Structures are given as structure tokens and as C-alpha cells.
Amino acid sequence: MRVKKKVLLLGPAYPYRGGIADTQNYLAQNLSRLGHEVLVYTFKYQYPKLLFPGKTQYSSVPMPKGIDIKRKIHSINPINWIKISNEINHYDPDIVLFRYWTPFLAPCWICIAKRLSSKIKKIALVDNWIPHDKKPWDKTMNHLFGKTMDAFVTLSNAVAKEIMEDNSKTPIWSGFHPIADDLPKIISKADARKKLGWSKEKNIVLFFGLIRKYKGLDLLIEAFSKSPLKSSKTLLAIVGEPYEKKEKYVSLIHQLKLEDRIICDFNYADRELTRDVICAADVVAQTYRSATQSGVTPLAYYYQTPLLVSNLPGLKAPIEKDGTGVVTEKAPEKIANNLYEILQNNNLLFYQKNLSQTFKNYNWQHFCKSMLSFINSLHES
């Protein structure tokens, strides 16, 4: 018989947008479906505008069904932190999951965690341990935050290894990045391209998601000026909102005379557009300079579009294990060669077949059951 738990999730959730908020919503929904009592505290104030590079922090889609979300947390107000910790103690959950992806949140989470009852299991769900944009105080903040947690859970083995180097005595569960089960249904490549007005005959490589320096979009653009891609008719589609100046990419495209080979849509993609562009693509390319995992990978898995990923532990692990694409070195010449290889018809069919057989291994119910099994195994304080 399943023991019902009271679980409180702290972190971004609806009405915030983005991969972390979306996965927080899915986590809450699936824990609820397993019969647990779930409450979500999200932010009423998350980032100062100066620290947020995008157009908006908020989602335009309807509120997700079946979860109780309250906007409670102020990320930089210590009085709010004390109030929140008192509310949590009154609610008396069995588990509090602290969503952690930036040391910016460490003071808030530390203050709340330190004031919670010792009966409550304090678990860090970590997306990133080493930030992409590093600051001198990151290691100290991570260390102080880690000391307040009873255990860590992650979405990749790469993140778990990073945490282990700083917190060797704290239990860590190395999970996986689940695939959402309520995404818009797959459509055919032909239908997707017709909707988008994209070429029906040419191969199309897709760069998808928020555009930041560490994601190596410049490497991918340069690859299209290298042989054998240079002489092919392959197109590159860039779909995503820039978190830096888009002009640097537009300038690079002009400089390399690739205007006729590259489609640019520098806007945040909603769920339907996400489906359309991934279904329309032959390959999703993640030529990242650094990464511990990516929310783009499970989207490509769901829509069964092969991947080209950089030779980084957190990115390549599922691709190598499942045979769902090609791993490349982070150099334009290597990227060009590997894209040419993956785009050969027999290779695409091979990777697509593997995707259709393996994507079901990454569902949210399995993730939630495994995570709770790990948490339940922890020694009582």
C-alpha cells in the first residue's frame, strides 16, 4: 500500500514560463496522480528586471490543471523568507523540494531551510550546480546551501557528479530529464513545413530554445560555411528568444554570406510552435559549449527527431545510450562533418527508429516513483 505524503515544491511554476517552471508543473501533477498531497509555492517576485535578459518572465498559456499553486516567495526579501518558513512549519509537509539552479537563490533557500522543523525532509532538486555565468561567490553559496539539505536529486548524472565533488557525504539521487506527456501531438514533417512555410525538399537543421552564449549557436552557424555542408542545400532554422544581442548572430550570418541558408525566428516559441519546428526538422542541433542537461533533448525525443549534441557528459549520455543521434566535438569543421553524416537517409531512419523505441523510458511517473523511493530510504533525522 502506498503511503500518502505531503509534498511542498518551492521554485518557479505557473505563471512563470520556461523549462524549469514547466517541469515543476509536471512534477506537481505527477506526484498528485500518484496519490500524494502536493502544494506548490512559486515566486511573487523572482528576478529583478536588471537580472532578467528576456522579454517577459511570464507564460501566456492557461494554468495547468490539477495542481495547487500559490504565489508566495519573494527572492530578495528576508522578512518574506521568515514568513514562508513559519507557514511551511504550520502546513507540516513530509517533504520540501527546493528547486535550485542558481546561487542567486541560495540566501532565500538557506534562510527558509534553516527555520524548518527537523521532521521535514529538505531535498534539493538541482538543475544546475555550476552556473553558466560564473561568479566568485558561487562555490561558497552552493556550499552553504548544500549544508542545509538532507539530500539532493538531479535530472542528470553529470549534475550529480558536480554536486558530489562539493558534498560527498550528502545522499544524491542521479535521475533523468523526463519527457512531458501532454505535449501537442506529433504531426508529419510535410504538414509541419507547410504550416511554417519551410522548404519541403531540403534538409533542415534546427537550433531551438533560448539563445545564450554557452549554447554555441555561433559554432553551428559557422559550420554551415564549412565543407561538406557548405556545398549542400541544407538549411539552418534558428528558433528562440535571444538572452543576448541577436545582432551578433545576424552579423555573423551576413559575414559568412549565409542569408539564403538560414531561417531566423528570434521569438520565444509557444507549445504549438515548438511542436511544429521540431516535427519539421530533420535534426535538432545542440552545439553547446557547456551543459549538464537540456530540456530540448526530451522535446526532440517526444517528437522523434534525431539529435546532434556536443561532446559533453550531460548532453551525450542519453544519445549514446539510446543511439538517437551523433556526438560532435565543439568545432565548426567537426560539426559540419557530423551533420552531413547524420543527414544521410539511412542514418536518419536508424536514429528515428531508436527514438520511437526509447522515448517511453523517460516518463514522469517513473521519475516520481524513483525519486520518492530514494527520499523514503533516507534515515530519519
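In which kind of crossing does helix α6 pass helix α9?

Good morning. This is a predicted model, in which local features need pLDDT of at least 70, side-chain atom pairs count only at pLDDT 80 or more, and totals for chains, interfaces and linings use all residues. Residues are numbered from 1 along each chain as its sequence is written, and side-chain values use heavy atoms, with hydrogens and water left out. Helices (H or I, at least four residues) and strands (E, at least two) are DSSP runs, numbered from the N terminus.

Let us turn to the opening question. α6 passes α9 in a left-handed crossing, a term that applies if the near helix is turned anticlockwise from the far one by less than a right angle. Helix α6, residues 189-196, packs against helix α9, residues 271-280, at an angle of about 120 degrees, with axes 8 Å apart. That makes α6 oblique to α9; oblique covers whatever is left once angles under 35 degrees count as roughly parallel, over 145 as roughly antiparallel and 65 to 115 as roughly perpendicular. Axes are lines fitted to C-alpha atoms, for helices over the stretch in contact, and angles run from 0 to 180 degrees between N-to-C directions.

Next, the open sheet. Its seven strands follow the order β3-β2-β1-β4-β5-β6-β7, and the pairing is parallel. Two strands pair if DSSP finds at least two bridges between them. The edge strands, β3 (68-74) and β7, each pair on one side only. Averaged over the sheet and ignoring direction, neighbouring strands are turned by 25 degrees against each other. Strand β2, residues 37-45, is joined to β3 by six bridges in the parallel sense, and Tyr-41 stands opposite Lys-70 in β3.

Helix α4, residues 138-147, lies across β4, β5 and β6 and runs at about 170 degrees to β4.

Finally, consider strand β8. Five of the five residues of β8, 204-208, are buried, so this strand is largely enclosed by the rest of the structure. Ile-204, Leu-206 and Phe-208 point one way, whereas Val-205 and Phe-207 point the other way. In a regular strand the side chains alternate between the two faces of the sheet. Five bridges join β8 to the parallel strand β9, residues 235-239, where Ile-238 stands opposite Phe-207.

Notes. Contact = heavy atoms within 4.5 Å. Buried < 20%, exposed > 50% of the residue type's maximum accessible area, 1.4 Å probe, protein only.
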